[in-house]
Amino acid sequence: MSLTIKLQITSSISPFKLNPKTHKNPIISHFSQIPIYHYNKLTNKATTFSPIRSKKMKPHVTKSSLIEPDGGVVVDLIVPEDQRDLKALEAETMAKVRLTKIDLEWVHVISEGWASPLKGFMREDEYLQSLHFNSLRLVDDGSVVNMSLPIVLAIDDETKERIGGANDVALVGPDLNTVAILRSIEIYKHNKEERIARTWGTTAPGLPYVEEVITPAGNWLIGGDLEVLSPIKYNDGLDGYRLSPKQLREEFDRREADAVFAFQLRNPVHNGHALLMNDTRKRLLDMGYKNPVLLLHPLGGYTKADDVPLDVRMEQHSKVLEDGVLDPETTIVSIFPSPMHYAGPTEVQWHAKARINAGANFYIVGRDPAGMGHPTEKRDLYDPDHGKKVLSMAPGLEKLNILPFRVAAYDTVAKKMAFFDPSRAKDFLFISGTKMRTFARTGENPPNGFMCPGGWDVLVKYYASLQAEEAAAPVVVSA
């Protein structure tokens, strides 16, 4: 028997900068009336009951760091410090593979164990399992772990020819510094159309990750085991917030957390998100947990051009904590280093799986997670409810708890964000992420109580700086 619960939230968030001296890690969300889904493997049936009223619900309380990562161990591929010089000298003798900025982000992800038990860029058998089954079957015991996104490294014909019959290659970063060694390599065909169709469910033009990463990539994929010469750093003032899965597990234990609920976002936090996150913690307390801790985990890798940049989001998040919207004592803010695919139900499995490896046992999933508008048509690319439904069925995610949410909106009577009450629907105002960004761009203030003043000021200043840059840009006149 296994207990599966999942938290769902609607997110429209943006960027922020964190002040290392004042920021202590926050998270918030909006939901209520949480049904608990209990799945019986013997009968293949699921039943639903209230987590508060049901006497059946006696959650097993365990140390967060004792929640087993996929494969049983959090992978750590960083070369020990006393071996780095020797490995670097060895790498100089090898054929070189040049990494893009996004390739380097994937090296970061793999090296710290977010993709455990994966130990390098995928070889062909791993790639095919990921692409066709959204999972990997472990050789040791035949068990299945979730792996919905192929994590691969592309090379072109020239690089393939230069590698020849070599067994190992050196990976070189965008700055030409050697980053890692890829051992026991395997090179195989990169069928881009198949990869795109199976990951996104469409080959329509205009998919951001496809245009940025896959279309310009080479026609070959190279897989192998990674040895990363030193921890990946970005020197952007935010490296202190990039906690690895092992570091997060240690922090959860230090805070004596008996439940950890993770909130993934790529937008600014408004008071509706805060309402959901705070209410989530209250409900976990009602379920019998003594010290639930929130992992506010903004995505820190590649995002599309119109998303709010990471540094702005982190600053905004910091203000949310400073203004007391989230409690720093029960919130950890950390950056999730993964690039963003915008691949909807396929990608949300990756987001959930990575948080399992970091020790989180509850995951908040919102409306249309990892989704976006269709690139060529005026509609959502994915059914907004499919992400939540897929997570409740996905192979390898059975140990993750999912808590559905109750939608929050702006209550024009109470003049604050509140849970939506259908009986007086006319009193509620829904402010989308697009509407919020329009307010910020035009300098128009949202209703009082929508977002903490400090956080809103961060967004207004960011969009004002964009407008100033656009006004200062030279005008190019073509003949």
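This is a predicted model: local features need pLDDT of at least 70, side-chain atom pairs count only at pLDDT 80 or more; totals for chains, interfaces and linings use all residues.
Residues are numbered from 1 along the chain as its sequence is written. Local features need pLDDT of at least 70, side-chain atom pairs count only at pLDDT 80 or more, and totals for the chain use all residues.

Start with the whole chain. It has 13 helices and 18 strands. These are DSSP runs, numbered from the N terminus: helices are H or I with at least four residues, strands are E with at least two. Of the 479 residues, 57% count as buried. Buried means under 20% relative accessible area, with a 1.4 Å probe and protein chains only. Now take contacts (heavy atoms within 4.5 Å). Among those between residues at least 6 apart in sequence, 78% join residues at least 24 apart.

Next, look at helix α3, residues 124–133. Which of its residues are buried? They are Tyr127, Ser130 and Leu131. Seen down the axis of α3, the buried residues fall within an arc of 95 degrees, so they line one face of the helix. That arc is taken from the directions from the helix axis to the C-beta atoms. The buried residues pack against β5 (135–137), β9 (178–189), α5 (192–200) and β10 (220–228). Asn134 follows α3, and its phi is positive, near 55 degrees.

Then move to helix α10, residues 344–357. Here 14 of the 14 residues are buried, so α10 is largely enclosed by the rest of the structure. Just after α10 comes Gly359, with a positive phi of about 100 degrees.

Terms used. Side-chain values use heavy atoms; hydrogens and water are left out. Buried means under 20% relative accessible area, exposed over 50%, partly exposed in between (1.4 Å probe, protein chains only). The expected span of a helix is 1.5 Å times one less than its number of residues.
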